Amino acid sequence: MQSTPKSLRLQIAIFGRTNAGKSSFLNLVTGQEAAITSAIAGTTTDVVEKAQELLPIGPVLWLDTAGFGDETELSGKRLEKTLKVLDRADIAVMVCEGDRTGSLEQQIIITTAHHNIPLIKVYNKADQYKIMAKDGLIISATDKNSRNQVLTELKAALLKVCPEDFINNRPILGDLAPAHSTVVMIIPIDYEAPKGRLIMPQVQAIRDCLDHNQNIMVVKEDDYTEVLQNFKNLPALVVCDSQVVDKMVAETPAELKCTTFSILMARFKGDLQKMAEGAATIDKLKDGDKILIAESCTHHAVEDDIGHVKIPNWLKQKTGKELQIDYVSGCDFTNNLKEYKLVIQCGGCAVNRREILSRIYKCEQAGVAITNYGICISELKGVLQRVLEPFGDIYQAYLQAKKA
(Lines give C-alpha, C1' and ligand atoms only; values in the text may rest on other atoms or scores of the structure.)
Protein backbone atom coordinates (compact mmCIF):
# COMPACT_ATOMS: atom_id res chain seq x y z
CA MET A 1 0.00 0.00 0.00
CA GLN A 2 2.72 2.47 0.96
CA SER A 3 4.52 1.89 -2.36
CA THR A 4 1.56 2.96 -4.49
CA PRO A 5 2.56 6.32 -6.05
CA LYS A 6 0.54 9.41 -5.14
CA SER A 7 -0.30 9.85 -8.82
CA LEU A 8 -2.27 6.57 -8.83
CA ARG A 9 -4.23 7.21 -5.62
CA LEU A 10 -7.72 8.63 -5.32
CA GLN A 11 -7.00 12.07 -3.86
CA ILE A 12 -9.54 13.34 -1.31
CA ALA A 13 -9.28 16.92 -0.05
CA ILE A 14 -10.68 17.92 3.35
CA PHE A 15 -12.07 21.46 3.51
CA GLY A 16 -13.84 23.44 6.20
CA ARG A 17 -13.65 26.53 8.38
CA THR A 18 -10.95 26.81 11.03
CA ASN A 19 -11.48 24.60 14.07
CA ALA A 20 -14.29 22.60 12.46
CA GLY A 21 -12.37 19.40 13.22
CA LYS A 22 -10.85 18.57 9.82
CA SER A 23 -7.63 17.17 11.28
CA SER A 24 -9.55 15.23 13.93
CA PHE A 25 -11.66 13.75 11.11
CA LEU A 26 -8.49 12.72 9.27
CA ASN A 27 -7.06 11.10 12.39
CA LEU A 28 -10.31 9.22 12.97
CA VAL A 29 -10.61 7.74 9.46
CA THR A 30 -6.91 6.81 9.24
CA GLY A 31 -6.76 5.48 12.78
CA GLN A 32 -3.54 7.43 13.37
CA GLU A 33 -2.41 10.80 14.64
CA ALA A 34 -1.75 11.89 11.07
CA ALA A 35 -2.34 15.57 11.76
CA ILE A 36 -1.81 17.83 14.78
CA THR A 37 -5.07 18.80 16.45
CA SER A 38 -5.76 21.66 18.81
CA ALA A 39 -8.59 23.82 20.06
CA ILE A 40 -6.62 26.78 18.70
CA ALA A 41 -8.03 27.85 15.33
CA GLY A 42 -5.59 27.69 12.41
CA THR A 43 -3.44 24.82 13.70
CA THR A 44 -3.13 23.32 10.20
CA THR A 45 -0.92 25.73 8.25
CA ASP A 46 0.03 23.64 5.20
CA VAL A 47 -1.49 20.75 3.30
CA VAL A 48 -1.04 17.49 5.24
CA GLU A 49 -0.90 14.38 3.04
CA LYS A 50 -1.76 10.95 4.39
CA ALA A 51 -1.88 7.72 2.37
CA GLN A 52 -4.38 5.01 3.26
CA GLU A 53 -5.68 1.75 1.84
CA LEU A 54 -9.46 2.16 1.94
CA LEU A 55 -11.02 -1.09 0.75
CA PRO A 56 -12.94 -1.71 -1.45
CA ILE A 57 -12.01 1.65 -3.01
CA GLY A 58 -8.27 1.04 -2.93
CA PRO A 59 -5.31 3.35 -2.32
CA VAL A 60 -6.31 6.92 -1.42
CA LEU A 61 -4.43 10.08 -0.47
CA TRP A 62 -6.02 12.40 2.08
CA LEU A 63 -5.24 16.11 1.72
CA ASP A 64 -5.93 17.97 4.97
CA THR A 65 -6.00 21.71 4.25
CA ALA A 66 -5.78 24.95 6.22
CA GLY A 67 -9.17 26.25 7.30
CA PHE A 68 -11.30 28.89 5.64
CA GLY A 69 -11.86 31.99 7.76
CA ASP A 70 -8.30 32.10 9.11
CA GLU A 71 -7.65 35.58 10.56
CA THR A 72 -3.89 35.29 11.12
CA GLU A 73 -1.24 37.27 9.22
CA LEU A 74 -0.52 34.28 6.97
CA SER A 75 -4.18 33.63 6.15
CA GLY A 76 -3.81 34.71 2.51
CA LYS A 77 -0.91 32.36 1.81
CA ARG A 78 -2.60 29.51 3.66
CA LEU A 79 -5.80 29.92 1.64
CA GLU A 80 -3.79 30.07 -1.59
CA LYS A 81 -2.23 26.68 -0.79
CA THR A 82 -5.63 25.30 0.16
CA LEU A 83 -7.16 26.36 -3.15
CA LYS A 84 -4.27 24.84 -5.14
CA VAL A 85 -5.42 21.44 -3.91
CA LEU A 86 -8.51 21.85 -6.11
CA ASP A 87 -6.36 21.19 -9.16
CA ARG A 88 -5.64 17.63 -8.07
CA ALA A 89 -8.47 16.59 -5.75
CA ASP A 90 -10.78 13.91 -7.15
CA ILE A 91 -13.29 14.26 -4.28
CA ALA A 92 -13.82 16.92 -1.61
CA VAL A 93 -15.01 16.41 1.97
CA MET A 94 -16.40 19.47 3.76
CA VAL A 95 -16.23 19.20 7.55
CA CYS A 96 -18.70 21.48 9.34
CA GLU A 97 -18.86 22.44 13.00
CA GLY A 98 -22.19 20.93 13.92
CA ASP A 99 -24.65 21.82 11.18
CA ARG A 100 -23.29 25.36 10.94
CA THR A 101 -23.28 26.31 7.27
CA GLY A 102 -22.62 29.99 6.62
CA SER A 103 -20.83 31.99 3.95
CA LEU A 104 -17.56 30.05 4.34
CA GLU A 105 -19.26 26.72 3.74
CA GLN A 106 -21.15 28.24 0.81
CA GLN A 107 -17.82 29.37 -0.64
CA ILE A 108 -16.51 25.80 -0.43
CA ILE A 109 -19.66 24.43 -2.09
CA ILE A 110 -19.47 26.96 -4.94
CA THR A 111 -15.72 26.55 -5.45
CA THR A 112 -15.76 22.74 -5.58
CA ALA A 113 -18.76 22.81 -7.93
CA HIS A 114 -16.89 25.24 -10.20
CA HIS A 115 -14.02 22.73 -10.38
CA ASN A 116 -16.51 19.89 -10.94
CA ILE A 117 -15.37 18.08 -7.80
CA PRO A 118 -17.99 15.97 -6.01
CA LEU A 119 -18.53 17.09 -2.42
CA ILE A 120 -19.33 14.98 0.65
CA LYS A 121 -20.61 16.86 3.72
CA VAL A 122 -19.53 15.80 7.20
CA TYR A 123 -21.27 17.35 10.21
CA ASN A 124 -18.83 17.06 13.09
CA LYS A 125 -19.06 17.51 16.88
CA ALA A 126 -22.30 15.60 17.31
CA ASP A 127 -21.33 15.30 20.96
CA GLN A 128 -21.65 19.10 21.33
CA TYR A 129 -24.47 20.01 18.93
CA LYS A 130 -27.90 18.69 18.08
CA ILE A 131 -27.44 18.15 14.35
CA MET A 132 -30.58 18.08 12.21
CA ALA A 133 -28.98 18.00 8.74
CA LYS A 134 -29.68 14.88 6.64
CA ASP A 135 -27.50 15.46 3.58
CA GLY A 136 -24.22 14.14 4.97
CA LEU A 137 -22.45 12.13 7.65
CA ILE A 138 -23.07 13.03 11.30
CA ILE A 139 -20.03 12.24 13.45
CA SER A 140 -18.01 13.06 16.50
CA ALA A 141 -14.40 12.96 15.28
CA THR A 142 -13.00 12.69 18.80
CA ASP A 143 -14.98 9.48 19.49
CA LYS A 144 -12.49 6.79 18.48
CA ASN A 145 -15.03 4.05 19.23
CA SER A 146 -17.16 5.31 16.31
CA ARG A 147 -14.42 4.73 13.72
CA ASN A 148 -15.85 1.56 12.17
CA GLN A 149 -19.30 3.09 11.79
CA VAL A 150 -17.88 6.32 10.32
CA LEU A 151 -15.70 4.38 7.87
CA THR A 152 -18.64 2.29 6.72
CA GLU A 153 -20.74 5.37 6.01
CA LEU A 154 -17.81 7.26 4.51
CA LYS A 155 -16.89 4.47 2.08
CA ALA A 156 -20.51 4.21 0.94
CA ALA A 157 -20.53 7.95 0.27
CA LEU A 158 -17.19 7.81 -1.58
CA LEU A 159 -18.32 4.95 -3.81
CA LYS A 160 -21.34 6.99 -4.90
CA VAL A 161 -19.18 9.85 -6.19
CA CYS A 162 -15.91 8.08 -7.04
CA PRO A 163 -14.80 8.84 -10.64
CA GLU A 164 -15.78 6.02 -12.98
CA ASP A 165 -12.30 5.71 -14.47
CA PHE A 166 -10.78 5.15 -11.01
CA ILE A 167 -13.14 2.31 -10.13
CA ASN A 168 -12.92 0.61 -13.54
CA ASN A 169 -9.14 0.94 -13.99
CA ARG A 170 -8.80 2.40 -17.47
CA PRO A 171 -6.21 0.50 -19.54
CA ILE A 172 -2.86 1.98 -20.52
CA LEU A 173 -2.35 -0.27 -23.54
CA GLY A 174 -4.28 -3.45 -22.72
CA ASP A 175 -6.95 -2.60 -25.30
CA LEU A 176 -4.45 -2.12 -28.14
CA ALA A 177 -3.37 -5.77 -28.46
CA PRO A 178 -5.21 -9.10 -28.07
CA ALA A 179 -4.79 -11.27 -25.00
CA HIS A 180 -1.82 -13.68 -25.27
CA SER A 181 -0.22 -11.59 -28.03
CA THR A 182 3.26 -10.10 -27.70
CA VAL A 183 4.10 -6.45 -27.02
CA VAL A 184 7.67 -5.29 -27.63
CA MET A 185 8.91 -2.43 -25.45
CA ILE A 186 12.01 -0.49 -26.46
CA ILE A 187 13.61 1.02 -23.36
CA PRO A 188 16.89 2.91 -23.69
CA ILE A 189 19.26 2.75 -20.74
CA ASP A 190 21.29 5.95 -20.83
CA TYR A 191 22.75 8.28 -18.19
CA GLU A 192 19.30 9.82 -17.57
CA ALA A 193 17.74 6.44 -16.75
CA PRO A 194 17.38 5.89 -12.99
CA LYS A 195 19.99 3.46 -11.70
CA GLY A 196 18.67 -0.01 -10.92
CA ARG A 197 15.07 0.61 -11.99
CA LEU A 198 12.75 1.68 -14.81
CA ILE A 199 10.77 4.91 -14.91
CA MET A 200 7.17 4.84 -13.77
CA PRO A 201 5.39 4.88 -17.19
CA GLN A 202 7.43 1.87 -18.29
CA VAL A 203 6.64 -0.07 -15.11
CA GLN A 204 2.95 0.83 -15.37
CA ALA A 205 2.82 -0.28 -19.01
CA ILE A 206 4.44 -3.62 -18.16
CA ARG A 207 1.96 -4.22 -15.34
CA ASP A 208 -0.98 -3.28 -17.59
CA CYS A 209 0.16 -5.85 -20.18
CA LEU A 210 0.31 -8.53 -17.49
CA ASP A 211 -3.15 -7.55 -16.25
CA HIS A 212 -4.46 -8.06 -19.81
CA ASN A 213 -2.70 -11.41 -20.29
CA GLN A 214 -0.26 -10.09 -22.86
CA ASN A 215 3.36 -11.20 -23.27
CA ILE A 216 6.13 -8.61 -23.05
CA MET A 217 9.56 -8.49 -24.61
CA VAL A 218 11.78 -5.65 -23.37
CA VAL A 219 14.74 -4.64 -25.55
CA LYS A 220 17.25 -1.81 -25.91
CA GLU A 221 17.06 0.27 -29.06
CA ASP A 222 20.20 -1.21 -30.65
CA ASP A 223 18.82 -4.76 -30.43
CA TYR A 224 15.32 -4.01 -31.74
CA THR A 225 15.85 -4.88 -35.42
CA GLU A 226 17.51 -8.21 -34.67
CA VAL A 227 14.81 -9.14 -32.14
CA LEU A 228 12.10 -8.28 -34.66
CA GLN A 229 13.70 -10.54 -37.28
CA ASN A 230 13.57 -13.46 -34.84
CA PHE A 231 9.78 -13.36 -34.62
CA LYS A 232 8.02 -16.04 -36.66
CA ASN A 233 4.94 -13.82 -36.60
CA LEU A 234 5.12 -10.08 -35.96
CA PRO A 235 4.23 -8.88 -32.46
CA ALA A 236 0.91 -7.09 -31.96
CA LEU A 237 2.37 -3.77 -30.82
CA VAL A 238 5.67 -1.95 -30.31
CA VAL A 239 6.08 0.78 -27.68
CA CYS A 240 9.20 2.91 -27.34
CA ASP A 241 10.70 5.75 -25.37
CA SER A 242 10.07 9.04 -27.18
CA GLN A 243 13.78 9.81 -27.48
CA VAL A 244 14.25 6.88 -29.89
CA VAL A 245 10.90 7.23 -31.68
CA ASP A 246 12.41 8.17 -35.05
CA LYS A 247 14.71 5.12 -34.97
CA MET A 248 11.84 2.84 -33.95
CA VAL A 249 9.56 4.13 -36.74
CA ALA A 250 12.30 3.71 -39.34
CA GLU A 251 12.84 0.07 -38.32
CA THR A 252 9.17 -0.94 -37.88
CA PRO A 253 7.20 -2.50 -40.77
CA ALA A 254 4.21 -0.41 -41.88
CA GLU A 255 1.76 -3.17 -40.96
CA LEU A 256 2.99 -3.30 -37.32
CA LYS A 257 1.27 -0.96 -34.86
CA CYS A 258 3.64 1.23 -32.88
CA THR A 259 3.44 4.10 -30.40
CA THR A 260 5.32 5.63 -27.45
CA PHE A 261 5.05 5.52 -23.67
CA SER A 262 4.32 9.26 -23.61
CA ILE A 263 1.37 8.86 -25.96
CA LEU A 264 0.01 6.02 -23.83
CA MET A 265 0.35 8.16 -20.69
CA ALA A 266 -1.29 11.15 -22.38
CA ARG A 267 -4.32 8.96 -23.07
CA PHE A 268 -4.25 7.35 -19.63
CA LYS A 269 -3.72 10.53 -17.61
CA GLY A 270 -5.16 13.29 -19.71
CA ASP A 271 -6.77 13.98 -23.08
CA LEU A 272 -4.70 12.53 -25.93
CA GLN A 273 -6.75 14.24 -28.62
CA LYS A 274 -6.24 17.71 -27.13
CA MET A 275 -2.51 17.09 -26.76
CA ALA A 276 -2.16 15.72 -30.30
CA GLU A 277 -4.03 18.73 -31.68
CA GLY A 278 -1.75 20.95 -29.58
CA ALA A 279 1.34 19.43 -31.19
CA ALA A 280 -0.14 20.18 -34.62
CA THR A 281 0.14 23.92 -33.86
CA ILE A 282 3.96 23.79 -33.72
CA ASP A 283 4.14 24.44 -37.48
CA LYS A 284 2.24 27.71 -36.94
CA LEU A 285 4.66 29.23 -34.40
CA LYS A 286 6.15 32.62 -35.25
CA ASP A 287 9.13 34.67 -34.12
CA GLY A 288 8.62 36.01 -30.61
CA ASP A 289 5.91 33.50 -29.63
CA LYS A 290 6.04 32.39 -26.00
CA ILE A 291 6.17 28.72 -25.01
CA LEU A 292 5.58 27.46 -21.47
CA ILE A 293 7.33 24.22 -20.49
CA ALA A 294 5.63 22.76 -17.40
CA GLU A 295 7.28 20.03 -15.32
CA SER A 296 5.19 18.41 -12.60
CA CYS A 297 8.15 17.27 -10.54
CA THR A 298 11.13 19.25 -9.29
CA HIS A 299 14.05 17.10 -10.43
CA HIS A 300 17.47 18.65 -10.93
CA ALA A 301 17.99 19.29 -14.66
CA VAL A 302 20.96 17.40 -16.11
CA GLU A 303 23.31 18.74 -18.77
CA ASP A 304 21.25 17.37 -21.67
CA ASP A 305 17.83 17.64 -19.98
CA ILE A 306 14.77 16.91 -22.12
CA GLY A 307 12.70 19.90 -21.01
CA HIS A 308 15.44 22.48 -20.58
CA VAL A 309 17.78 21.55 -23.44
CA LYS A 310 16.56 19.00 -25.98
CA ILE A 311 13.00 20.19 -26.63
CA PRO A 312 14.01 23.89 -26.92
CA ASN A 313 16.77 22.95 -29.38
CA TRP A 314 14.49 20.72 -31.44
CA LEU A 315 11.81 23.45 -31.49
CA LYS A 316 14.31 25.93 -32.89
CA GLN A 317 15.55 23.45 -35.51
CA LYS A 318 12.01 22.46 -36.57
CA THR A 319 10.46 25.95 -36.73
CA GLY A 320 13.47 28.11 -37.52
CA LYS A 321 11.89 30.73 -35.25
CA GLU A 322 13.17 32.69 -32.27
CA LEU A 323 10.87 31.55 -29.48
CA GLN A 324 10.67 32.74 -25.88
CA ILE A 325 10.56 29.78 -23.50
CA ASP A 326 9.46 29.99 -19.86
CA TYR A 327 9.43 27.21 -17.24
CA VAL A 328 7.31 26.22 -14.26
CA SER A 329 7.81 23.16 -12.05
CA GLY A 330 6.03 21.21 -9.33
CA CYS A 331 2.46 22.21 -8.56
CA ASP A 332 3.03 25.75 -9.84
CA PHE A 333 1.20 26.83 -12.98
CA THR A 334 0.85 30.29 -14.42
CA ASN A 335 -2.20 32.56 -14.16
CA ASN A 336 -1.15 34.33 -17.37
CA LEU A 337 -1.77 31.52 -19.87
CA LYS A 338 -3.06 33.89 -22.54
CA GLU A 339 0.52 35.15 -23.02
CA TYR A 340 1.52 31.78 -24.51
CA LYS A 341 0.98 30.11 -27.86
CA LEU A 342 1.74 26.62 -26.58
CA VAL A 343 2.14 24.78 -23.27
CA ILE A 344 4.37 21.69 -23.29
CA GLN A 345 3.53 19.59 -20.23
CA CYS A 346 5.83 16.81 -19.01
CA GLY A 347 4.54 13.24 -18.98
CA GLY A 348 2.94 13.82 -15.58
CA CYS A 349 4.03 10.51 -14.06
CA ALA A 350 4.36 12.21 -10.64
CA VAL A 351 0.82 13.68 -10.57
CA ASN A 352 -2.69 12.31 -10.91
CA ARG A 353 -5.04 12.48 -13.87
CA ARG A 354 -7.13 15.19 -12.25
CA GLU A 355 -4.21 17.63 -12.22
CA ILE A 356 -3.33 17.00 -15.87
CA LEU A 357 -6.97 17.43 -16.89
CA SER A 358 -7.11 20.63 -14.83
CA ARG A 359 -4.18 22.05 -16.77
CA ILE A 360 -5.71 21.03 -20.09
CA TYR A 361 -8.98 22.72 -19.08
CA LYS A 362 -7.20 25.93 -18.06
CA CYS A 363 -5.40 26.04 -21.39
CA GLU A 364 -8.63 25.41 -23.26
CA GLN A 365 -10.33 28.26 -21.39
CA ALA A 366 -7.42 30.57 -22.26
CA GLY A 367 -7.41 29.50 -25.91
CA VAL A 368 -3.89 28.07 -25.62
CA ALA A 369 -2.73 24.82 -27.23
CA ILE A 370 -1.24 22.18 -24.95
CA THR A 371 0.78 19.04 -25.64
CA ASN A 372 3.22 16.88 -23.68
CA TYR A 373 6.93 16.10 -23.94
CA GLY A 374 6.67 12.84 -25.84
CA ILE A 375 3.98 13.94 -28.28
CA CYS A 376 5.95 17.12 -28.94
CA ILE A 377 9.14 15.11 -29.59
CA SER A 378 7.35 12.82 -32.05
CA GLU A 379 5.99 15.88 -33.88
CA LEU A 380 9.41 17.56 -33.95
CA LYS A 381 10.95 14.38 -35.38
CA GLY A 382 8.23 14.11 -38.03
CA VAL A 383 6.73 10.78 -36.90
CA LEU A 384 3.70 11.74 -34.78
CA GLN A 385 1.27 10.70 -37.50
CA ARG A 386 2.75 7.18 -37.53
CA VAL A 387 2.64 6.65 -33.76
CA LEU A 388 -0.94 7.96 -33.51
CA GLU A 389 -2.26 5.46 -36.05
CA PRO A 390 -3.35 2.89 -33.40
CA PHE A 391 -5.79 5.44 -31.94
CA GLY A 392 -8.37 5.82 -34.74
CA ASP A 393 -10.47 8.94 -34.09
CA ILE A 394 -7.57 10.70 -32.35
CA TYR A 395 -5.39 10.05 -35.38
CA GLN A 396 -8.06 11.62 -37.63
CA ALA A 397 -8.44 14.62 -35.31
CA TYR A 398 -4.69 15.22 -35.50
CA LEU A 399 -4.76 15.12 -39.30
CA GLN A 400 -7.60 17.65 -39.33
CA ALA A 401 -5.67 19.92 -36.96
CA LYS A 402 -2.63 19.76 -39.26
CA LYS A 403 -4.77 20.84 -42.21
CA ALA A 404 -6.51 23.66 -40.34
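This report looks at a pair of helices and a sheet in a predicted model.

## Ground rules

Since this is a predicted model, local features need pLDDT of at least 70 and side-chain atom pairs count only at pLDDT 80 or more, while totals for chains, interfaces and linings use all residues. Residues are numbered from 1 along each chain as its sequence is written, and side-chain values use heavy atoms, with hydrogens and water left out.

Helices (H or I, at least four residues) and strands (E, at least two) are DSSP runs, numbered from the N terminus.

## Two helices side by side

Take helix 11 (residues 306–319) and helix 13 (residues 373–380): their axes come within 10 Å and cross at roughly 30°. Axes here are lines fitted to C-alpha atoms, for helices over the stretch in contact, with angles from 0 to 180 degrees between N-to-C directions. Helix 11 and helix 13 are therefore roughly parallel to each other (angles under 35 degrees count as that).

Where do they meet? Helix 11 brings residues including Ile 306, Trp 314 and Lys 318, and helix 13 brings residues including Tyr 373, Cys 376 and Glu 379. Contact means heavy atoms within 4.5 Å.

Strands pair if DSSP finds at least two bridges between them.

Strand 11 (residues 290–295) and strand 13 (residues 342–345) pair over 4 bridges, and Ile 293 stands opposite Ile 344 in strand 13.

## Helix over sheet

Methods
Parallel < 35°, antiparallel > 145°, perpendicular 65-115°, else oblique.
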